[in-house]
Amino acid sequence: MEQLLRVGAIASTHGIRGEVKVFPMTDDVRRFQDCKELLLDTGKEKKKVEIESVKFFKQFVILKFRGYDSINDIEAYKGKELYVTRENAVSLEQGEYFIADLIGLSVFDEEENRIGTLKDVIETGANDVYSVETDEGEILLPAIRDCILDVDVEGGKMHVHILPGLLD
């Protein structure tokens, strides 16, 4: 399991006082209000940054990090990703999983036939869709109870039911 979970990427600077516009990569953008620190992937290292203030603007989160007080201090980090440690991650409900934990799971049908490997989770308005790479190509499975029977992150497996007409 991944110990670091990506929660956003710095899209651009915001003003001249060291604030940044962050494109959130989390279901709950309000999580930034409860978060005290993040890890900034500088390309060379994962640097701890302390959140000083949080604002929301359109689809972005505006963050100010302690010690970064001018545009010159923060400009080099445009495009860089932000992470939280698993200990600082939001709590999940029963049946919820971090996308990072799902990627790479082996996918099996009800008869234990291996279908392929989960390669991506596509977030749509209604429900997520799992992209599974098979020997024949990609198949898309809706992340609904009728289709996803069991997820065993620790065991690296997912069991699914292929709905009639899904592969036609």
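Predicted model: local features only at pLDDT ≥ 70, side-chain atom pairs only at ≥ 80, totals over all residues.
Numbering starts from 1 along each chain as its sequence is written, and side-chain values use heavy atoms, with hydrogens and water left out.

Let's start with the sheet. Six strands line up in the order β10-β9-β8-β7-β12-β11 to give an open sheet with mixed pairing. Strands here are DSSP runs of E with at least two residues, numbered from the N terminus (helices would be H or I runs of at least four), and two strands pair if DSSP finds at least two bridges between them. At the edges sit β10 (137-142) and β11 (148-152), each of which pairs on one side only. Neighbouring strands are turned by 35° against each other on average, direction ignored; the axes are lines fitted to C-alpha atoms (for helices, over the stretch in contact), and angles run from 0 to 180 degrees between N-to-C directions.

Now step through the pairs. β7 (residues 106-108) and β12 (residues 157-160) pair in the parallel sense over three bridges, and V107 stands opposite M158 in β12. β8 and β9, in contrast, run antiparallel and are joined by five bridges, with T117 opposite E133 in β9. These two strands form a hairpin with six residues between them. Next along, β9 and β10 also run antiparallel, this time with six bridges, and V132 faces I139 in β10. The hairpin that joins β9 to β10 passes through two residues. As for cover, five of the six residues of β9 are buried, where buried means under 20% relative accessible area, exposed means over 50%, and partly exposed is in between (1.4 Å probe, protein chains only).

The loop between β8 (114-122) and β9 (129-134) is worth a stop, and N127 is found there. N127 is partly exposed at a relative accessible area of 23%. Leaving aside residues up to four places away in sequence, N127 touches I122, P142, A143 and I144, a contact being heavy atoms within 4.5 Å. T124 has its place in the loop between β8 and β9 too, and is partly exposed with a relative accessible area of 40%.

On to the charges. Side chains of opposite charge can pair when their charged atoms come close. A salt bridge here is a side-chain nitrogen of Lys or Arg within 4 Å of a carboxyl oxygen of Asp or Glu, and by this rule the count comes to eleven. One of them links K55 with E19, the closest N and O atoms being 3.1 Å apart. K55 lies in strand β4 (residues 46-57) and E19 in strand β2 (residues 19-24), so this pair ties together parts that are 36 residues apart in sequence. K55 is partly exposed at 40%, whereas E19 counts as buried at 14% relative accessibility.

D69 and K64 meet in another salt bridge, at 2.8 Å from N to O. K64 is buried, with a relative accessible area of 7%. Salt bridges that share partners join E50, E52, K64, R66 and D69 into one network. Finally, D41 forms a salt bridge with K46, with 3.5 Å between the closest N and O atoms, and K46 is partly exposed at 39% relative accessible area.
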